[in-house]
Amino acid sequence: AEYMGVFVDMVDKVKSTGANLVICQWGFDDEANHLLLSKELPAVRWVGGPEIELIAIATGGRIVPRFEEITTQKLGKAGSVRELCFGTTNDRMIVIEECHNSKAVTLFIRGGSKMAVDESKRSIHDALCVVRNLVRDSRVCYGGGAAELSCSIVVSNEADRVHTMEQYAMRAFSEALEAIPMALAENSGLTPVDTVTELKARQVTEKNPRLGVDCMGAGTNDMREQHVLETLSSKKAQIMLAVQLCKMILKIDDIRVANEQ
């Protein structure tokens with residue numbers, strides 16, 4: 001009876017604030033659950049720590065560690081809370097919609113196998129990283145190998161003006177930049193050498209640095225018309241990473257094999 005009185009007092013404090021749903025990180029026994037239902041106050045228990053923090057952000061509520069601290073100002077707001085049942089195993093999930101903070105969004109991924117789900121998660125993560133890079137730096141460059149070909153032409157022209165041994169390093173760097181459009185052309189079923197040679201010639205004659213590999217067969221090599229763009233920050237990071245790797249390899253002056261006598 002003593003514990004029941006404590007439960008009643010706790011539920012009354014929550015009910016007096018105007019709350020109509022309780023979300024708890026920890027569990028509570030069946031007596032407390034029955035008391036909550038009798039007071040028309042449904043509850044969700046065993047909600048993980050990260051999840052309950054995200055719910056608080058989405059609904060605009062505050063996490064209350066003790067019943068004595070609960071107030072109306074700390075309550076969150078949501079349009080609807082419902083339970084979904086899906087899959088052949090009748091998995092259940094609670095969905096909170098029309099939240100106070102509409103910027104908080106949850107992506108629910110389903111697939112026929114774990115591999116398909118993991119691949120979808122990777123694709124979504126890559127897309128979110130692109131958006132993050134654009135927020136940090138809004139500058140973009142054209143994809144389809146157009147940026148690499150344009151840089152290759154510029155570096156090759158600069159190499160012609162250098163009369164020292166450095167010109168060979170510059171020409172090698174220019175040729176290395178063509179690896180990306182070469183790979184794109186090969187993966188698209190095109191002739192790599194002919195495609196890259198034609199694109200380089202067109203970029204020079206037409207003075208159009210937007211020309212890249214038409215991987216989708218759209219009928220045009222202008223990446224602006226195909227809306228194929230890449231973030232400038234990621235493109236710079238790719239080239240710098242390749243340069244650092246080459247520098248690291250060039251610093252190696254000897255190799256030891258495990259079975260070498």
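Two exercises with worked solutions follow.

The model is predicted, so local features need pLDDT of at least 70 and side-chain atom pairs count only at pLDDT 80 or more, while totals for chains, interfaces and linings use all residues. Residues are numbered from 1 along each chain as its sequence is written, and side-chain values use heavy atoms, without hydrogens and water.

**Exercise 1.** Describe the lining of the second largest pocket.

Solution. 
1. A pocket is an open set of points on a 1 Å grid over the protein atoms alone where a 1.4 Å probe fits, with protein on both sides within 12 Å along at least five of seven lines; lining residues have an atom within 4 Å of a point.
2. The lining comprises 25 residues, and I55, I94, V95, I96 and T106 lie nearest the centre of this pocket.
3. Two elements, α3 and β4 (91-99), each give two or more residues to this lining.
4. The largest share, 7 residues, comes from β4.

**Exercise 2.** Identify the residues of the largest nonpolar core and the elements that supply them.

Solution. 
1. A nonpolar core is a set of buried Ala, Val, Leu, Ile, Met, Phe, Trp, Tyr and Cys residues joined through side-chain atoms within 4.5 Å; buried means under 20% relative accessible area (1.4 Å probe, protein chains only).
2. The core has 9 residues: V11, V14, A19, F28, A32, L35, L36, L41 and I70.
3. Both α1 and α2 give two or more residues to this core, and α2 gives the most, with 3 residues.
4. I70 is also among the residues nearest the centre of the largest pocket.

Notes: Helix = DSSP H or I, 4+ residues; strand = E, 2+ residues; numbered from the N terminus. Buried < 20%, exposed > 50% of the residue type's maximum accessible area, 1.4 Å probe, protein only.
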